[in-house]
Amino acid sequence: MSLPRPTLEALDQAARRIGLNLDDAMLRAYDSILEATFAEYDQVDAMIDQPPVVRYPRTPGVQPEDNPLNAWYVRTEIDGRPGGPLAGKRVVLKDNVCLAGVPMMNGAATLRGYVPDQDATVATRILDAGGRIVGKAHCEYFCVSGSSHTNATGPVRNPRQPEHSAGGSSSGAAALVGAGEADMAIGTDQGGSVRIPAAYSGIYGMKPTHGLIPYTGIMPIEMTLDHAGIMTATVADNALLLDAIAGSDGLDPRQQNLPAERASYCEALGLPLKGLRVGVVPEGFGWHNSEPEVDDAVRQAAAELAAQGADVIELSVPLHRKGHAIWTPIAVEGTTQQMKGFNYGSNWKGLYVTGLMQVQRHWLDHADEFPHDVKTCLLAGEYFYARYGGQYYGKAQNLARRLRQAYDQALDRVDLLLMPTVPMRAPRLIDSDAAPDLFVTRALEMNANTAPFDVTGHPAISVPCALRDSLPVGMMLVGRHFDEATLYRAAHAFERSLDWTSL
């Protein structure tokens, strides 16, 4: 069966979109020339695509009636291989992770009704390791917000203080783990979206080295920033899940220079802190919106690490104060161009989720429905990319190498960098009809420390380190590329030495 051929009017419109002005005679000539190209498309259309095989039976996703935090999108039941290392573990997936036969909306009204036909690599690996996938967790609208007020179904609530934000964009994942409704969760992180909700909700959030966890089958935002991450109530569960899902799948071009061999991350648990060098980065404190209670609590946590035998020093990284600025053109222009490419773009090899591309192709028709944070991001990205031809995106990517070098040089002197995950505790949720400036500020106000490490790809973990006015404080530890084991060593030692909720 042949694909429909374009009318001359449709061909003329396509020509004008790329700056061509063709008269009728030339249009007819080109239409004739392109028949050979159209015939090749017919052949591709007739071929059968071969997405990864779905091996584990599952129940269809059902929206639960009991959902007080608005954290669940759908519940499902998928039992993994009996007897694996994740046996007995309840795992929830952020709702931008494809799960065959189970609805996915990525926080957006425009994706309601979409049901993937394949499992993301992380889902398959969880099931292969014996985990039990119990559902999909709400996230923020297209995963843009760092707070939890932008989901199309309403806000996700903090598991400790329901009138407060759970953080974002992996908001539902944090809330469900924090509330004890799941043991483990898969989140994603492009500007802090695993670590921010972990800090706000009082759980452990690991953003591994860029590419360590395959992103295959997860809805992208910006390929150089895309990280899949892990959210758990304990450090041991975090390391256990990373052991199960890390490594190349041969389908994700983000996965470069992965170590040929590695030890189990769980082997780092229980190792003493004696001899570990930790650098407290002063540039990570004292932001314009920093709360003194947060800065003080994180410095006290650093002192606790020293009391356990770590060698803790202050170590300045001046370029860290510019890290968020370097991130911004990559995030806003890269996200916009990714969206304009139906969320997958082109010019890369790997697995394309063509069903998702199809359902996203008409997103421009619904742009007026987007929340203010998505609209302003796309507006900025479109303006700067069109006005300067991507020049500032390219310059920021070039500056990213300097930023990475600055952190690497600091990590030549110490094993870990330390700073607050976010400068504040979880704020109160705002009303859905809040003024645009408040809506956007609350969505983007907290990622000055987290976003730079999405640019450079360094692994970073948020560790709950104190409770202030019943709201958690997060300490962020940052390590060398592919040295997640040292992060787990320090986080586990801190976890087992004291009850952070009593600090």
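In this predicted model, G479 is in contact with L411, D415, L416, H458, P459 and L487, leaving aside its neighbours within four places in sequence. G479 itself sits in the loop that joins β11 (471-478) to α15 (484-497). Because its relative accessibility is 0%, G479 counts as buried. One of its contacts, D415, is 64 residues away along the chain, yet the C-alpha atoms of G479 and D415 are separated by 6.5 Å.

In soluble globular proteins, nonpolar side chains tend to be buried together. The largest nonpolar core of this model has 109 residues, and within it L418 and M475 touch the most other members. The greatest contribution to this core comes from helix α12 (residues 391-413), which supplies seven residues. Apart from this core lies another, of 19 residues, which includes V92, A173, L176 and A182.

Which residues does L418 touch, not counting those up to four places away in sequence? They are V278, G279, V280, V281, F285, V298, A302, L305, M475, M476 and L477.

**Helix packing**

Two packed helices are described by the angle between their axes and the distance between the axes. Two such pairs are set out below.

| Helix pair | Angle | Axis distance |
|---|---|---|
| α1 (residues 8-17) and α2 (residues 24-33) | about 95 degrees | 10 Å |
| α9 (residues 320-340) and α11 (residues 372-388) | roughly 95 degrees | within 8 Å |

The angle between α1 and α2 is about 95 degrees, which makes α1 roughly perpendicular to α2. On the α1 side the contact is made by L8, L11 and D12, and on the α2 side by L27, R28 and D31. By class, this contact comprises three nonpolar and three charged residues, with no polar residues.

Helices α9 and α11 cross at roughly 95 degrees and are therefore roughly perpendicular to each other. Here V332, E333, T335, T336, Q337, M339 and K340 of α9 meet C377, L378, G381, E382, F384 and Y385 of α11. The contact of α9 with α11 has six nonpolar, four polar and three charged residues.

**Domain arrangement**

The protein is divided into domain 1, covering 1-38, and domain 2, covering 72-255 + 267-502. What distance lies between the C-alpha centres of domain 1 and domain 2? The two centres lie 44 Å apart.

Technical notes. Residues are numbered from 1 along each chain as its sequence is written. This is a predicted model: local features need pLDDT of at least 70, side-chain atom pairs count only at pLDDT 80 or more; totals for chains, interfaces and linings use all residues. Side-chain values use heavy atoms; hydrogens and water are left out. Domain bounds come from an automatic or database domain assignment. Axes are lines fitted to C-alpha atoms, for helices over the stretch in contact, and angles run from 0 to 180 degrees between N-to-C directions. Helices (H or I, at least four residues) and strands (E, at least two) are DSSP runs, numbered from the N terminus. Angles under 35 degrees count as roughly parallel, over 145 as roughly antiparallel, 65 to 115 as roughly perpendicular and the rest as oblique. Contact means heavy atoms within 4.5 Å. Ala, Val, Leu, Ile, Met, Phe, Trp, Tyr, Cys and Pro count as nonpolar, Asp, Glu, Lys and Arg as charged, and the others, Gly among them, as polar. A nonpolar core is a set of buried Ala, Val, Leu, Ile, Met, Phe, Trp, Tyr and Cys residues joined through side-chain atoms within 4.5 Å. Buried means under 20% relative accessible area, exposed over 50%, partly exposed in between (1.4 Å probe, protein chains only).
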